[in-house]
Amino acid sequence: MLRYLVTLQVADRKGLVEQIAHAVSRHGGNWLDSELRHIDGIFAAILLLEVPASNWDILAENLECIEGLSMTYAKTNKNPHQIKHFSYSLVAYDRPGLVHDISNKISALGINIEHFSTRYESASHTGVPLFRANFDLGIKTPDQEEQLSSALYAIGDDVVLDKIST
């Protein structure tokens with residue numbers, strides 16, 4: 001069995017997930033992990049699939065035959081490193097460059113971003129534009145975790161950071 005990270009984009013319509021899952025199943029694939037989103041009329045998916053080596057080419061061909069779908073993929077391997085996983089929530093006043101500031105601070109500490117989800121919203125009482133981010137990080141050493149909060153709070157006085165889980 002080989003592992004593949006697959007990204008898909010197609011105009012959203014009813015039944016896409018079932019159509020993709022059916023192709024994966026029909027070719028002996030195992031759907032290990034995924035993120036599926038509908039954003040501005042587009043269905044976007046990131047899938048981690050485990051597929052028998054002899055079936056990959058036909059599965060890829062079947063997925064590419066879905067009308068309007070664009071696909072990329074790469075063969076992957078399990079990561080043998082021991083990493084602790086932490087989840088965080090960050091809220092700040094919305095402004096250009098926040099994702100760059102956050103990712104720059106995290107990267108400078110040698111921390112890996114494993115999942116990053118953002119959204120824009122208006123504060124309920126004031127209407128002030130807010131930026132919300134939820135992210136999962138792979139942290140190798142205890143000192144990285146300690147430095148992370150200081151680095152993210154340095155972005156601005158409006159930053160609120162919560163550790164959601166370990």
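## Helix H3

In this predicted model, Gly110 follows H3 and has a positive phi, near 75°. H3 itself spans residues 98–108, and its buried residues are Leu98, Ile102 and Ile106. Viewed along the axis of H3, these buried residues fall within an arc of 60°, so they line one face of the helix. His100 and Ala108, on the other side of H3, are exposed.

The packing partners of the buried residues of H3 are strand E5 (84–93), E6, strand E7 (129–139) and helix H4 (142–153).

## Ser150 in helix H4

Helix H4, one of those partners, contains Ser150. The relative accessibility of Ser150 is 52%; exposed means over 50%, so this residue counts as exposed. Ser150 and Lys105 are 45 residues apart along the chain, and 9.7 Å separate their C-alpha atoms.

## Helix H2

Helix H2 covers residues 56–64, with Trp56, Leu59, Ala60 and Leu63 buried. Down the axis of H2, the buried residues fall within an arc of 100°, so they too line one face of their helix.

## Domains

The domain assignment of the protein chain gives domain 1 (2–76) and domain 2 (84–164). Taken over C-alpha atoms, the centres of domain 1 and domain 2 are separated by 30 Å.

## The largest pocket

The volume of the largest pocket is about 1000 Å³. Its lining consists of 27 residues, of which Leu5, Asp33, Ile46, Glu114 and His115 are the closest to the centre of the pocket. Two or more lining residues come from each of E1, strand E2 (30–39), E3 and strand E6 (112–122).

By residue class, the lining of the largest pocket divides into ten nonpolar, ten polar and seven charged residues. Both domains take part in the lining: domain 1 (2–76) and domain 2 (84–164) each supply at least three residues.

How values were computed:
Residues are numbered from 1 along each chain as its sequence is written. This is a predicted model: local features need pLDDT of at least 70, side-chain atom pairs count only at pLDDT 80 or more; totals for chains, interfaces and linings use all residues. Side-chain values use heavy atoms; hydrogens and water are left out. Buried means under 20% relative accessible area, exposed over 50%, partly exposed in between (1.4 Å probe, protein chains only). Helices (H or I, at least four residues) and strands (E, at least two) are DSSP runs, numbered from the N terminus. The arc is that of the directions from the helix axis to the C-beta atoms. On a 1 Å grid over the protein atoms alone, a cavity is a set of points where a 1.4 Å probe fits but cannot get out, and a pocket is an open set with protein on both sides within 12 Å along at least five of seven lines; lining residues have an atom within 4 Å of a point. Grid points are joined across faces, edges and corners, and a volume is the space filled by probe spheres set on the points. Ala, Val, Leu, Ile, Met, Phe, Trp, Tyr, Cys and Pro count as nonpolar, Asp, Glu, Lys and Arg as charged, and the others, Gly among them, as polar. Domain bounds come from an automatic or database domain assignment. Contact means heavy atoms within 4.5 Å.
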